Amino acid sequence: MAKRPDEELILFFYGEHDAPEEVERELAEDAELSRRYATLTRELSALDSLEAPEPRPGLETRMWARVGPELQPETARRDARSRWILWGAGATAAATIALVGFLAGRTYRETPTESAVVAHLKALPPEARDRVLQAALADHLDASQRLLLEVANGASPVDEERVWAETLLSANRLYRRAAERAGQHRVAAVLSELEPFLTQLANAPETFDLRRTQEQIRHEDLLFKVRITRNNLKELS
Amino acid sequence: MDAVELERVRNARNGDAEAFRAIVETYSRPLWRAAVRVLGDPAAAEDAVQEAFLRAWRALDRFDEQAELSTWLYRIAINAAIDHRRERKRRDALTGPLPEDFHGQVTSQSDMADPHKQTYWREMAGHAQEVISGMPEAERTAILLRHFEGRSIAEIASVLGGGESAAKQAVFRAVRKLRAVLGPLMEMSRGETA
């Protein structure tokens, strides 16, 4: 009788063998095979001791309370997508200009230089400086997260998204440098990681293959990082 | 997929939040169980399942109605849990570890009334947990889904995104690794009690 490899016994154990009757018959007739199968069963039975804990009561209700408010009707979302993208780009541009203008103590028509921004940032009392930077950064990360989500969910960069990415890219560079100079190294690190994606999307050709970018977003956990940094900043500000 | 579930998916796809609510309530518990096995932390598992449902909601348009909803949701939940685990590892490196993984929570063995056997199974479960934690993601996912969730090789293949042969190999490798650790320990303890 040909020797059954362990792999076949594993398949049989899990009810996945193509010919279970044959294995059963051999197990009844072949003492050595039966011994091997008993050993496999005993060893895998250790896993049965590893039951997961039960969730806290009310998991289903709690989960819906967490998920429900985050949902947007899909159809409405589709209709709103274009408007939303434009809003995202506009809001980011406005936030950038507002921050720069505020920090520089000038009107937004007089675009301040980065060193002027930093000088004014440093001149603010530390608490006020941090709050301003944190609030503006949180908005920027919010907008960046939404763009990443669109891409991660399969939306190809169309013209509107390219414009959005360009706007976010300029804001990102400004915030990153400001964060670096203000000593916000962790935030600066997340912004540094975000920058290549924004650059890719801003410069995406018409026939853009999303898969690599999606894989990168996934592999580098960019969405999680952006979300966590944004949440931390919102809590602080 | 049964007719009720298919209708829920179609309604949810059209923006019906109540239909999605039924899906959330049906699958919260099994997805949480899968996530907690990947993460080892009940609270983090809830976060991962929440993320999974949000990802599922956003991706409903791409759900293939020929596929099983449960398999599709498992895949999303396990990926969300794996993402969460990676993120936690990075955070731990910066801020110190979060609550420890559950190790060897022993439940219903027929001989649990015997304290010696209880200790024995707890030790074996602890070793099994360590082996599983150290496995590459594909193997960990494969053994968790096959052994604990009773998912078929075909479903595991769908979750892992490869063919059935690759899924089988992942299960085989995982079982081999477990046996390589548990087998000698069990032999040793049989020798001690003989």
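Colleague: How much space lies in the second largest pocket?

Modeller: About 1000 Å³ in this predicted model. A pocket here is an open set of 1 Å grid points where a 1.4 Å probe fits, with protein on both sides within 12 Å along at least five of seven lines, and its volume is the space filled by probe spheres on those points.

Colleague: Which residues lie nearest its centre?

Modeller: A:A152, A:R218, B:R55, B:N79 and B:D83, out of 36 lining residues (an atom within 4 Å of a point). Residues count from 1 along each chain and chains are lettered from A, as written.

Colleague: And which helices supply the lining?

Modeller: From chain A, α7 (126-152), α10 (210-219) and α11 (222-236) each give at least two residues. The largest share, 8 residues, comes from α4(B). Helices are DSSP runs of H or I, at least four residues long.

Colleague: New topic: at what angle do α3(A) and α6(B) pack?

Modeller: Helix α3 (residues 31-48) of chain A and helix α6 (residues 137-148) of chain B pack at about 95°, with axes 11 Å apart. The two are therefore roughly perpendicular (65 to 115 degrees).

Colleague: Which residues meet there?

Modeller: A:L44, A:L47 and A:D48 meet B:I143, B:H147 and B:F148.

Colleague: How do α2(A) and α3(A) pack?

Modeller: Helix α2 (residues 20-29) of chain A packs on α3(A) at about 110°, with the axes 6 Å apart. That makes α2(A) roughly perpendicular to α3(A). A:E26, A:L27 and A:E29 of α2(A) touch A:A31, A:L33, A:S34 and A:Y37 of α3(A). By type, this contact has 4 nonpolar, 1 polar and 2 charged residues.

Colleague: Where is confidence lowest in chain A?

Modeller: In helix α5 (residues 74-104) of chain A, with a mean pLDDT (confidence per residue, 0 to 100) of 45, while helix α1 (residues 6-13) of chain A is highest at 94. Residues 74-94 of chain A fall below 50, and residues 101-113 of chain A stay under 50 too. Chain A averages 73. Local features need at least 70 and side-chain atom pairs 80 or more, using heavy atoms.

Colleague: What does chain B average?

Modeller: Chain B averages 80, and 82% of its residues score at least 70. Over residues 95-112 of chain B, pLDDT stays under 50. Where pLDDT is low, the predicted coordinates should not be read in detail.

Colleague: What ipTM does the complex get?

Modeller: The predictor gives an ipTM of 0.75, with a pTM of 0.52.

Definitions and conventions. pLDDT is the predictor's confidence in each residue, from 0 to 100. Contact means heavy atoms within 4.5 Å. Axes are lines fitted to C-alpha atoms, for helices over the stretch in contact, and angles run from 0 to 180 degrees between N-to-C directions. Angles under 35 degrees count as roughly parallel, over 145 as roughly antiparallel, 65 to 115 as roughly perpendicular and the rest as oblique. Ala, Val, Leu, Ile, Met, Phe, Trp, Tyr, Cys and Pro count as nonpolar, Asp, Glu, Lys and Arg as charged, and the others, Gly among them, as polar.
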